[in-house]
Amino acid sequence: MDAHDTTGTLEEALERLHTSGPERLGRLTNHAPMVVEALAAHGQAGAVHRWLDLYRPKLEDFPTPVAPVTHTNWREALGDPRRAADWIGYFGQALAEQPWRDVLAAWWPRLLPGLYGGSTHPVIRVGHAVRALEAGGSAPRLAELAHGLGYWAARHRPVSGIAPLPAAPGAARSLDAVPPLAEPRGGFPDRLAAVRRLPLWAEDVTDPETARAHLTELVRAATHRYATHGHGEATMLVHAATAPNAVLRTLGCLPRELWVPSLRAAWTASAAVTAMYAPPGPADHVPAPGRTAQEVLERALAHGDEHVIKLTDTALDVGDERALAAALRAVELSEPLVPN
């Protein structure tokens, strides 16, 4: 279903959005750049500005810069959300001076250990930006990559102290083996800090092509799992699928030596989210969707919720019946963007 917009609508939408910051209320992510790219990628450019008008109340002004990030001081600014504007400016300059794939390759290994900050939204935004640039380069698309990388650098957050558990064969069974938090409390940062044990699935992978195959398997398994377990937390469990899919989308633009560490980071993110928001048990029954991929996309767009649209985008990448059922399950579980 790849019918990426060539009308300039995506450029117009990104230019509108780049006057806004990557967050609102100091902690909630601006999802609009990711959603408009997903709509444009799937032949829904005509709906982009209508959706954006509905989402506009959730946008805040671009943050105030603090001090420039430079080649010599960037480490001290890493992980400081107050420096989001500084980081976006840094990457905007870097992308003006170097090919975007070179900037991405240089910064990916620096940012990858902190993939878990911002509830994984920064890497998801980067994945959308990369897909847009692969479909066609333009100044707004380059600027969007700068915003995504800058947001990631500002919200950079590593995880540590996680004890390894044996993994089961396959991504789906290993996600089943993830132990849920005993006492889940608080938001994403608090719950992430409480994750102490995870299976080490695919830890023995050393070959780049095998890593890509495993990452593809993980995206499929996490998307399928949402159909049966999304009721644990309809919004947050979306990221168990969309975060690894963002990494998968980016692999082809990265040096092959980065594919294996990318798989491991994506697995940790997906497994951690699974642990943090696990329901007591799966849904009893998940009916077949009985709809085409296009019909599922139209249903998600009519619903309007940003996470519903982004999970549907990933479900369309997976492309099978269970994935489409997961997208419809998100529609069922989530509040629409504009309540009836």
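User: Rings of Phe, Tyr and Trp (its six-membered ring) pair if their centres lie within 6.5 Å, and planes under 30 degrees apart count as stacked, over 60 as edge-to-face and the rest as tilted. Which residues do ring pairs link into a cluster?

Analyst: A quick word on the model first: it is predicted, so local features need pLDDT of at least 70 and side-chain atom pairs count only at pLDDT 80 or more, while totals for chains, interfaces and linings use all residues. Residues are numbered from 1 along each chain as its sequence is written, and side-chain values use heavy atoms, with hydrogens and water left out. The cluster linked by ring pairs holds Trp 74, Trp 87, Tyr 90, Phe 91 and Trp 107.

User: Nice! What kind of pair do Trp 74 and Trp 107 form?

Analyst: Searching the whole structure turns up 10 aromatic pairs. For Trp 74 and Trp 107, the ring centres are 4.9 Å apart and the planes meet at 70°. That angle is why the pair counts as edge-to-face.

User: How many residues apart are Trp 74 and Trp 107?

Analyst: Trp 74 sits in helix H4 (residues 74–77) and Trp 107 in helix H6 (residues 100–111). Helices (H or I, at least four residues) and strands (E, at least two) are DSSP runs, numbered from the N terminus. The pair links distant parts of the chain, at a separation of 33 residues.

User: Is Trp 74 buried or exposed?

Analyst: Buried means under 20% relative accessible area, exposed over 50%, and partly exposed in between (1.4 Å probe, protein chains only). Trp 107 is buried. Likewise, Trp 74 is buried.

User: And what kind of aromatic pair do Trp 87 and Phe 91 form?

Analyst: Their centres are 5.8 Å apart, with 25° between the planes. They are four residues apart in helix H5 (residues 84–97), so about one helical turn separates them. Trp 87 has 0% relative accessibility and therefore counts as buried, and the 0% for Phe 91 puts that residue in the buried class too. As for its geometry, the pair of Trp 87 and Phe 91 is stacked.

User: Which residue lies over the face of Trp 107?

Analyst: A charge sits over a ring if NZ of Lys or CZ of Arg is within 6 Å of the ring centre and within 35 degrees of the ring normal. Arg 256 takes such a place over Trp 259, at 5.2 Å from the ring centre. Over the face of Trp 107, at 4.5 Å from the ring centre, lies Arg 110.

User: Zooming out, how far apart are the C-alpha centres of domain 1 and domain 2?

Analyst: The protein has 16 helices and four strands, and 56% of its 340 residues are buried. An automatic or database domain assignment gives domain 1 (11–155) and domain 2 (162–183 + 191–339). Their contact (heavy atoms within 4.5 Å) takes 31 residues from domain 1 and 32 residues from domain 2. The C-alpha centres of the two domains are separated by 22 Å.

User: Last one: which residues does Arg 220 touch, not counting those up to four places away in sequence?

Analyst: Arg 220 belongs to helix H11 (residues 208–229). Its relative accessible area is 35%, so Arg 220 is partly exposed. Ala 168, 52 residues away along the chain, has its C-alpha atom 16 Å from that of Arg 220. Leaving out residues up to four places away in sequence, Arg 220 touches Val 318 and Asp 320.
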